[in-house]
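Have the sequence and the 3D view open as you read.

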Amino acid sequence: MLSPKIKLSRRAQSKSLVMGKHHGLPPCPQERVLKSGWLKKQRSLMKNWQQRWFVLRGDQLLYYKDEDEAKPQGFISLQGSRVHEVLPNPEEPGKHLFEIGPGGTGNPDKSPIIHEALLLMANSQNEMEEWVKAIQQATWTPFCRGTVHNSHAEPKLLPQGIFGQHLEDTIQQEKKYGQHLAPLLVEQCVDFIREHGLSEEGLFRMPGQANLVKGLQESFDCGETPLLDRNTDVHTVASVLKLYLRELPEPVIPFARYEDFLSCGQLLSKDRGEGTQELARQVKNLPQANYNLLKYICKIEETSAELRKLVAKLEDELDRAKKKYRLLEIKLRNSERACEDAGKRNQLLQKEMEAFFATLGNLTAENPLAGAPK
């Protein structure tokens, strides 16, 4: 018969094995460090907190007693897991909690290693959000809804958001809203910029307001459709679009295709015609989701090109109108000058006639019989 103390010890050891402390996939030192920092982890039995140095490397989260230690105390395999924010107890405000547990669907071919949830606490809200985002990107968690636990309420659903999610996962998730070429966020931002922002100076160069960018990001992450009207700052919307593209786990032009597109650039500098054909072929061979996204983003440039043509046409018409006005102005000045000359001539003629009649009058007065008939 085992004593309660031995049972408790064995149960704790069993749970540590599940979390990867001694067994499971070994840590791979060749993997690049994605994020590191101090976090507090809740012990499974005692429910107290232990501060540990956590390192996110690939799809494994390792933890050390100190940041200078070479050997981890344990590691958590994120394969088949998901991460989400946890609302703190209202009686204990100020705790920034998130949870890693089974249920991720980023890769259906991988079964979850974690069988019990692990509760972690960060030092600030921003730090907690950074860890959640980094782990989501490491596991390529698709847009889904995680469970938020609160000891004083029933569990509720919390959207994990589309920022930092794989493009194809977002497209798949949004099919319930109908067929779209690009994610709804991209369509809404691009359409707004095409309508209100093409004449804005410094578009995509000047940053938007940080608090408004964060607000729009949170709205899109929650599955909402924020209202964008003519009072919305164009640079803020452009910054949200840039942020979404920047946080994609893989860029619009996939990493595996970089060399092909760089070769197109070199070919364009040598032979523009052949380079253009090769570039068109490479774009056409992009994955469908990436091709559609690129095509939708290019609508901004298409509209901008149309606007430039319209401006050029208006400038040409204005130039012709200026030339017509100039000719009319010249004719008017000539007419005014002609009228002015005619007026001067009339005045001169009138003066000459007055002088003539005055002279004639004087002659008549001096010799009254000179003009009389004989």
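## A tyrosine to start with

Is Tyr258 buried, partly exposed or exposed? Tyr258 counts as partly exposed because its relative accessibility is 38%; buried means under 20% relative accessible area, exposed means over 50%, and partly exposed is in between (1.4 Å probe, protein chains only).

Some ground rules before going on. This is a predicted model, in which local features need pLDDT of at least 70 and side-chain atom pairs count only at pLDDT 80 or more, while totals for chains, interfaces and linings use all residues. Residues are numbered from 1 along each chain as its sequence is written, and side-chain values use heavy atoms, with hydrogens and water left out.

## The overall picture

The protein has nine helices and nine strands. These are DSSP runs, numbered from the N terminus: H or I over at least four residues for helices, E over at least two for strands. Of the 374 residues, 35% are buried.

Take the contacts (heavy atoms within 4.5 Å) with a separation of 6 or more: 60% of them join residues 24 or more positions apart.

## Where α4 meets α6

Two packed helices are described by the angle between their axes and the distance between the axes. Helix α4 spans residues 184-196 and helix α6 spans residues 234-246; their axes come within 10 Å and cross at roughly 145°. Here the axes are lines fitted to C-alpha atoms over the stretch in contact, and angles run from 0 to 180 degrees between N-to-C directions. The crossing of α4 past α6 is left-handed, a label for a near helix turned anticlockwise from the far one by less than a right angle (clockwise would be right-handed).

On the α4 side, the residues are Leu185, Val186, Cys189, Val190, Phe192, Ile193 and His196, and they meet Val234, Val237, Ala238, Val240, Leu241 and Tyr244 of α6. That contact is made up of 12 nonpolar residues, one polar and no charged. In this count Ala, Val, Leu, Ile, Met, Phe, Trp, Tyr, Cys and Pro are nonpolar, Asp, Glu, Lys and Arg are charged, and the others, Gly among them, are polar.

## Two buried residues

Thr170 is in helix α3 and counts as buried because its relative accessibility is 0%. Leaving aside neighbours within four places in sequence, Thr170 contacts Ile162, Gln165, Pro183 and Tyr244.

Ala182 sits in the loop between α3 (167-173) and α4, and it counts as buried because its relative accessibility is 1%. Beyond four places in sequence, Ala182 touches Ile171, Glu174, Glu187, Leu293 and Tyr296. The C-alpha atoms of Ala182 and Lys295 are 8.8 Å apart, although 113 residues separate them along the chain.

## Rings and charges

The whole structure holds four aromatic pairs. Rings of Phe, Tyr and Trp (its six-membered ring) pair if their centres lie within 6.5 Å; planes under 30 degrees apart are stacked, over 60 edge-to-face, and the rest tilted. Phe54 and Tyr63 are a tilted pair, 5.5 Å centre to centre with 35° between the planes, and both residues are buried. Phe255 and Tyr258 have ring centres 5.8 Å apart and planes at 65°, so that pair is edge-to-face.

Tyr63 also has the charged end of Lys41 over its ring, 5.1 Å from the centre. Likewise, Lys35 lies over the face of Trp131, 5.3 Å from the ring centre. The test is NZ of Lys or CZ of Arg within 6 Å of the ring centre and within 35 degrees of the ring normal.
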